[in-house]
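Here is a short report for a first look at this structure. Keep the sequence and the 3D view open while reading.

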Amino acid sequence: GSGEHTLRCREPALGSGEHTLGCAEHQALGCESPETEQEQEEVLWAVCVHSSEETRLFAGCVVVTSEVVAVFRTPQPDLRGETLLLSQLQLMLCFPYSHILALRSPDPELWLSVRLKAGDYLCVIADSNSLNSLYERVKAASPDCCTARSILQLPPADSQTHFIAYILLTGGGEAIPAETLDTPAHTRTSLCSLLLPVREEQLTPTSLPCLLVLTAQWLHAVKVDFCTTAKPYLDGVGVSDDVVSRQPLAAVLLDPSEGEGDAFCHNHVAHLLVGSQLVSAVFVLPQDKARFLQLFTRLRAELQGIKTILVHKLSPGHSHAALYSAESAGQTPDTARQSNPCRSQMSLSLRYPAESLLHTLSEENQCPSHLPVSPALSHLTALTGTGLWEFFHRSVAEVENEELRHVTWASVVFYTRAEQEMPACLMLSTSAVYLLLGDGGTQPGVRSELWPMPDPSDLLLSSCFVLKLNSLQCVHIGLFDQYFRISGPCAESIVTCLTRDSYTTHTFVQQLMGVLSLLERTPSPEPVEPDFYTEFGKKSTGQMENYEIVHASRVKFVYPSEEEVSDLTFTVAEKLAEPLGVPTCNVLLYLLAFRVGPEAGSPLQPQTLILTSCDLLLFEEDYVSYPLPGCAKQPPSRGRYRLSDTRRIRHLDRVLIGYQPFPQAVTFVFDDVRDLDLMSDVTLDHFEHPLRGRGTRGLRRSSAGTEVQWCLFVPSAECREKLIALLARQWELLCSRELPVELTG
């Protein structure tokens with residue numbers, strides 16, 4: 001062919017194919033006309049790194065003939081134009097096969113390295129199929145050159161998980177290469193100029209792309225020296241240990257505004273949030289972006305445990321993070337779908353949720369006043385209706401067509417951190433249980449020079465624990481329905497939710513049973529020939545046997561048994577030092593409460609309150625380690641109950657109810673009694689309650705008349721009223737008069 005040919009694309013499509021060049025290009029290759037060629041040219045569109053006296057990076061094409069290899073540079077097309085003339089290609093390098101000294105393709109087939117006898121170094125970056133074709137053709141044409149495949153020091157991963165991309169840090173509205181910190185603003189022109197330089201002086205790059213490697217747990221960034229010239233015969237691609245960085249995949253998330261921008265950004269740029277740093281990954285190969293996003297989404301959804309999510313972005317200057325606010329409740333489903341194209345395949349029930357469901361979720365999204373929530377969770381409490389629904393599907397949900405069914409707030413305790421109680425928002429969907437933990441469950445990432453982490457003052461990040469319903473094995477309901485524990489396959493997936501309210505526990509368990517009924521479970525294997533043990537050891541689905549329900553989804557719901565209540569009664573009797581021959585006291589009420597400190601603003605101390613027929617006891621309880629999980633390798637380091645304080649009901653003087661020193665707190669005022677002489681012991685023992693006779697030292701009010709106060713906060717109003725009613729009845733039985741109850745301001 002002759003004349004000028006037109007390539008109709010905004011930027012070169014990276015790949016191989018058969019193309020016919022014009023007369024000017026044939027003259028550049030040393031041919032008088034196309035007819036003098038021995039074989040048709042093969043053209044590979046690629047990104048090239050040429051190193052001679054200086055390093056130059058550019059997008060262009062590699063032309064392979066039967067005699068020479070030529071490399072052309074593709075100028076950046078006019079941003080307003082749609083065409084690129086082949087006659088505008090600029091010849092950068094041309095050499096015969098006899099000038100090739102070494103040829104090498106690395107293990108992740110992403111680039112081809114060529115070393116010339118003159119000392120020039122050429123690196124061609126393209127897709128693996130095109131590189132293999134180029135490698136075989138050049139190797140066949142130059143049999144005397146040194147050929148090998150190098151072994152990079154990379155994390156163990158499949159070759160399909162390797163990507164070449166620029167890493168640009170976004171700060172103050174600017175895109176900054178992680179290596180230099182002096183690149184112009186993050187615009188379409190500056191991003192495009194990384195691959196298609198506009199001016200000749202831009203051919204010398206300030207930085208080179210790095211190698212991204214995705215594994216099941218980590219995102220690795222390897223700063224590769226494509227232009228290594230220190231070792232002769234291309235001994236390998238230089239990779240230093242100090243330029244390899246990794247971040248937990250759980251701390252990396254996609255920008256919810258993905259899909260915005262022009263054609264170049266749509267094909268090459270992916271916006272990420274790595275830790276607290278906004279990052280733009282500019283992929284050298286356009287097909288790599290779609291492959292990276294697909295693989296990243298799948299690997300992150302497969303992660304179990306705690307992950308980072310974006311709740312809100314405060315600064316209006318940035319364009320990368322989606323904003324979730326209470327005002328988004330007025331957003332229609334159509335506009336929501338347009339702003340979130342990745343959810344375009346939602347079912348109709350998710351695009352248009354029922355108003356009754358939105359209203360129920362809004363009522364359930366009420367955070368109790370005693371939970372010390374982080375700014376991220378505080379913002380979450382303001383979401384209602386469509387705003388809450390869109391937040392779940394944009395930032396929390398991991399399966400496209402899962403539906404949010406229930407929201408509640410509680411304190412949670414993880415089995416691996418049994419002594420740390422943290423507030424959480426529980427979101428139950430048709431696919432998983434999500435626990436939004438705020439700042440308490442954050443797993444910090446690994447920092448390095450490639451990932452400087454600024455202060456995320458403009459971002460509201462939250463940690464989210466995910467337990468897939470198909471991984472749920474057992475649900476334990478605590479005594480008096482004060483809490484429940486959900487258990488997965490490992491210790492990290494065992495967590496206790498302290499609702500401190502029987503109604504909240506009951507509602508969550510019923511909702512959980514409902515969504516479990518929707519799961520598609522594989523049928524149970526056919527039993528072998530029945531014997532004695534299978535006949536008497538099996539449990540019927542949906543029937544309660546020994547306080548255990550086996551759901552149709554094969555998830556066990558275990559309720560407190562009489563043995564557990566007996567163990568509690570024995571523990572109480574042991575702490576009270578009941579003498580032999582005296583009937584054991586009965587446990588009338590078991591509550592999870594907080595003890596309020598004497599000073600204003602002091603933190604609430606979680607306590608277990610137990611009311612017996614004659615005593616009030618306060619315990620510090622291990623809520624998550626008992627009953628012992630199946631994955632436990634050894635017993636817990638501490639017992640289940642540790643006695644904090646105990647008082648006899650007959651020593652109770654009065655009960656104060658009001659807002660001082662804590663809102664809706666209940667204050668029990670006891671007479672401070674001390675040990676006296678033997679005569680006092682005999683007198684008190686004579687008038688002691690018949691069930692309380694004991695040989696211990698007697699107690700009475702001290703001469704000073706001092707008092708001891710228990711200030712307790714019981715979150716549930718129903719449980720608070722039940723406590724006062726039972727206590728008043730027992731006090732009246734012991735003291736033969738009504739319990740004084742006073743209201744305070």
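## A buried proline

Start at P423, which is buried, with a relative accessible area of 12%. The cut-off for buried is under 20% relative accessible area, so P423 qualifies with its 12%. The model is a predicted one. P423 sits in strand β22, which covers residues 417–429.

What touches P423 beyond its neighbours within four places in sequence? The contacts are L371, P372, V373, L377, A410, S411, L436 and L437. Take A410 from that list. A410 and P423 are 13 residues apart in sequence, and their C-alpha atoms are 6.0 Å apart in space.

## The whole chain

Of its 745 residues, 53% are buried. The chain exposes about 34100 Å², and carbon and sulfur atoms supply 52% of that area.

Contacts can also be sorted by distance along the sequence. Consider those between residues at least 6 apart in sequence: 66% of them join residues at least 24 apart.

## Two helices

Helix α2 spans residues 128–141 and has 14 residues. From first C-alpha to last it reaches 20 Å, close to the 20 Å expected at 1.5 Å a residue. The buried residues in α2 include S130, L131, L134, Y135, R137 and V138. In general, an α-helix has 3.6 residues a turn, so residues three or four places apart point the same way. L131, L134, Y135 and V138 are among the buried residues of α2.

Helix α10 spans residues 385–396 and has 12 residues. Its reach from first C-alpha to last is 16 Å, close to the 16 Å expected at 1.5 Å a residue. How many residues of α10 are buried? The count is 12 of its 12 residues.

## A hairpin of strands

Strands β14 and β15 form a hairpin, with three residues between them. β14 covers residues 210–214, and the two strands pair in the antiparallel sense over four bridges.

β15 runs over residues 218–222 and is mostly covered. Four of its five residues are buried. Nearby in the numbering is a ring to look at: R246 lies over the face of W218, at 3.7 Å from the ring centre. R417 lies over the face of F414 in turn, at 5.5 Å from the ring centre.

## Aromatic pairs

How many aromatic pairs does a search of the whole structure find? It finds 12. In one of them, the ring centres of F283 and F292 are 5.1 Å apart and the planes are at 50 degrees, so the pair is tilted. F283 and F292 are both buried. Ring pairs also link F163, F283, F292 and F296 into a cluster.

F670 and W710 make an edge-to-face pair. The centres are 5.1 Å apart, with 65 degrees between the planes. F670 lies in strand β36 (residues 665–671) and W710 in strand β39 (residues 707–713), so the pair ties together parts that are 40 residues apart in sequence. Both F670 and W710 are buried.

## Backbone details in loops

The peptide bond from Y626 to P627 is cis, with omega near -5 degrees. P627 lies in the loop between β33 (615–621) and β34 (641–648).

Next comes D481, in the loop between β25 (474–477) and β26 (484–487). Its phi is positive, about 55 degrees, although D481 is not a glycine. D481 is partly exposed, with a relative accessible area of 30%. S736 also has a positive phi, about 60 degrees, and is not a glycine. S736 lies in the loop between α15 (717–735) and β40 (741–743). Is S736 buried or exposed? S736 is exposed, with a relative accessible area of 64%.

Note on methods:
Residues numbered from 1 in each chain as written. Predicted model: local features only at pLDDT ≥ 70, side-chain atom pairs only at ≥ 80, totals over all residues. Heavy atoms only, no water. Buried < 20%, exposed > 50% of the residue type's maximum accessible area, 1.4 Å probe, protein only. Pairing = 2+ DSSP bridges. Phe/Tyr/Trp six-rings, centres within 6.5 Å; stacked < 30°, edge-to-face > 60°. Lys NZ or Arg CZ within 6 Å of the ring centre and 35° of its normal. Contact = heavy atoms within 4.5 Å. Areas by Shrake-Rupley, 256 points an atom, 1.4 Å probe, with all protein chains shown as cover. Expected span 1.5 Å × (residues − 1).
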